[in-house]
Amino acid sequence: IYLRPETAQGIFVNYLNVQKTGRMKIPFGIAQIGKAFRNEIVARQFIFRMREFEQMEMQYFIQPGTELDWFEKWKQFRMKWHQNLGFGAENYRFHDHDKLAHYANAATDIEFHMPFGFKEVEGIHSRTNFDLSQHAKYSGKKIEYFDPETNQSYTPYVIETSIGVDRMFLSILCHSYEEQQLPDGQTRTVLHLPAALAPVKLAVFPLTKKDGMPEKAQEIINDLRFHFNCKYEEKDQIGKRYRRMDAIGCPYCVTVDQQTLQDNTVTLRDRDSMEQKRVPISELQSIIEERFGFLVQFSQGSIIYKETISDTVEGVGHFEPLRHYAEVHLLLKPAKRNSGLVFNTNCKEDLLDKNWQRLILTHLYEKTHVGVLTGSPITDMEITLVSGKAHEKHTEGGDFRQATYRAVRQGLRSAHSVLLEPVYEFTLELPAENAGRAMADIGRMY
């Protein structure tokens with residue numbers, strides 16, 4: 001069993017595949033997260049030093065000779081990322097390496113002030129071209145990058161940033177956790193999590209379980225659930241509910257009381273200061289968005305139409321400028337409603353090479369194909385490549401693009417087209433961590 005000490009080597013082995021399939025130009029980066037293993041003689045300091053841990057790494061591929069400039073840029077960029085968590089710039093520092101690893105020509109650590117001193121949470125290294133050169137040497141395969149701007153091939157240099165998920169988790173908890181002594185002699189446990197990292201952004205409480213307060217609280221939840229991860233609580237006294245939310249790091253609590261039913265205002269409580277103030281329900285969203293630093297909103301939306309077909313047809317497309325030649329045969333079949341477009345190939349390789357078949361499918365995916373009735377996008381259709389031809393020497397990728405588009409168009413003109421019922425299209429913009437909840441809520445609504 002091989003236990004890898006880092007996740008980077010998988011990136012190096014596959015970097016050229018990623019570059020070619022993604023049509024990337026240098027500089028570009030590849031990031032991944034996964035398990036790594038170290039032979040620590042003494043695992044200690046809680047989860048700071050472990051033999052098995054979760055590692056996030058990025059390898060940034062650059063032109064040789066520019067590595068020290070990019071190294072400085074990534075140093076500052078990564079430090080800014082850490083400081084944006086809101087724990088204070090005084091709790092971070094760089095530790096530049098005096099002794100470098102054999103593969104590096106520059107290296108530094110970003111250290112965070114833990115309870116047991118300043119400790120490394122992220123490493124940034126200029127790895128030169130050592131890793132790629134060694135893979136090329138022992139595999140016998142060239143993995144050079146061709147630069148279209150300089151018309152030269154070279155082995156890229158690499159800037160690496162590496163950060164441990166467990167150490168980041170530990171640093172956030174260490175700085176956020178507090179057992180706070182209150183003026184009345186009581187102790188409250190509170191997590192001062194950065195607002196963006198808090199799993200629950202807003203808690204809504206009815207003061208009592210009667211007089212319409214639970215219904216009003218649920219109404220507020222329904223209004224804000226697309227914007228923030230909200231939690232509803234009605235058990236125990238209001239003070240105990242506040243303490244529970246402090247313990248999980250919820251930045252804001254809203255209390256619905258008798259006055260809410262009269263003037264539509266609520267009590268808004270801040271986690272860190274414990275300050276309470278009356279605010280209109282209509283202002284809750286803007287107040288909390290300002291704290292979290294993001295905005296969630298729906299676009300204006302529009303009515304759109306789509307077209308499909310009711311019978312099966314074959315579309316044929318040719319493209320033959322000068323000595324070039326490309327021919328594509330597509331089978332268009334109607335599919336179930338709301339199934340979208342499905343692209344397949346059922347073409348023998350002795351008729352058309354597999355690489356040409358993949359290229360044709362790519363051209364089908366990349367374009368929004370429109371129908372012949374109103375020029376609306378087509379949908380609910382299965383399009384299958386059944387045959388094709390190419391010139392042995394003079395066919396290029398662009399030839400098949402034109403032949404593919406013509407085959408689709410010719411098939412649509414031969415089929416019996418159907419205009420589907422109009423739908424309402426809108427865009428919901430929100431942070432990535434809220435996407436799953438938004439999709440689940442929309443699913444429950446419809």
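In the hairpin of β14 and β15, 5 residues lie between the strands, and Met274 there takes a positive phi near 60°. This is a predicted model. Strand β14 covers residues 265-270, and β15 covers residues 276-280.

- β14 is mostly covered, with 6 of its 6 residues buried.
- In a regular strand the side chains alternate between the two faces of the sheet.
- Thr265, Thr267 and Arg269 point one way from β14. Val266, Leu268 and Asp270 point the other way. All of these residues are buried.
- β14 runs antiparallel to β15, and 5 bridges join them.
- β14 also pairs in the antiparallel sense with strand β13 (residues 252-256), over 4 bridges.
- Which residues are the bridge partners of Arg269? In β13, Cys253 has Arg269 as its partner. In β15, the partner of Arg269 is Gln276.

**Charges over rings**

- The charged end of Arg269 sits over the ring of Tyr242, 4.5 Å from the ring centre.
- The charged end of Lys75 sits over the ring of Phe94, at 4.6 Å from its centre.

**Aromatic pairs**

- How many aromatic pairs does the structure hold? There are 13.
- One of them joins Tyr60 and Trp70, with ring centres 5.1 Å apart. Their planes stand at 55°, so the pair is tilted.
- Tyr60 lies in strand β2 (residues 52-62), and Trp70 lies in helix α2 (residues 67-83). The pair therefore ties together parts that are 10 residues apart in sequence.
- Is Tyr60 buried or exposed? Its relative accessible area is 12%, so Tyr60 is buried. Trp70 has 21% relative accessibility, so Trp70 counts as partly exposed.
- Phe205 lies in strand β11 (residues 202-206), and Tyr242 lies in helix α6 (residues 238-248). The pair therefore ties together parts that are 37 residues apart in sequence.
- Both Phe205 and Tyr242 are buried.
- Ring pairs also link Phe12, Tyr15, Phe28 and Phe61 into a cluster.

- Most residues other than glycine have a negative phi, and most peptide bonds are trans.
- Which kind of peptide bond runs from Ile26 to Pro27? The bond is cis, with omega near 10°. Pro27 sits in the loop between α1 (8-21) and β1 (28-37).
- Asn151 has a positive phi, near 55°. Asn151 lies in the loop between β6 (145-147) and β7 (152-154).
- Asp380 also has a positive phi, near 50°. Asp380 is found in the loop between α9 (354-366) and β22 (381-390).
- Asp380 has 3% relative accessibility, so Asp380 counts as buried.

Technical notes
Residues numbered from 1 in each chain as written. Predicted model: local features only at pLDDT ≥ 70, side-chain atom pairs only at ≥ 80, totals over all residues. Heavy atoms only, no water. Phe/Tyr/Trp six-rings, centres within 6.5 Å; stacked < 30°, edge-to-face > 60°. Helix = DSSP H or I, 4+ residues; strand = E, 2+ residues; numbered from the N terminus. Buried < 20%, exposed > 50% of the residue type's maximum accessible area, 1.4 Å probe, protein only. Lys NZ or Arg CZ within 6 Å of the ring centre and 35° of its normal. Pairing = 2+ DSSP bridges.
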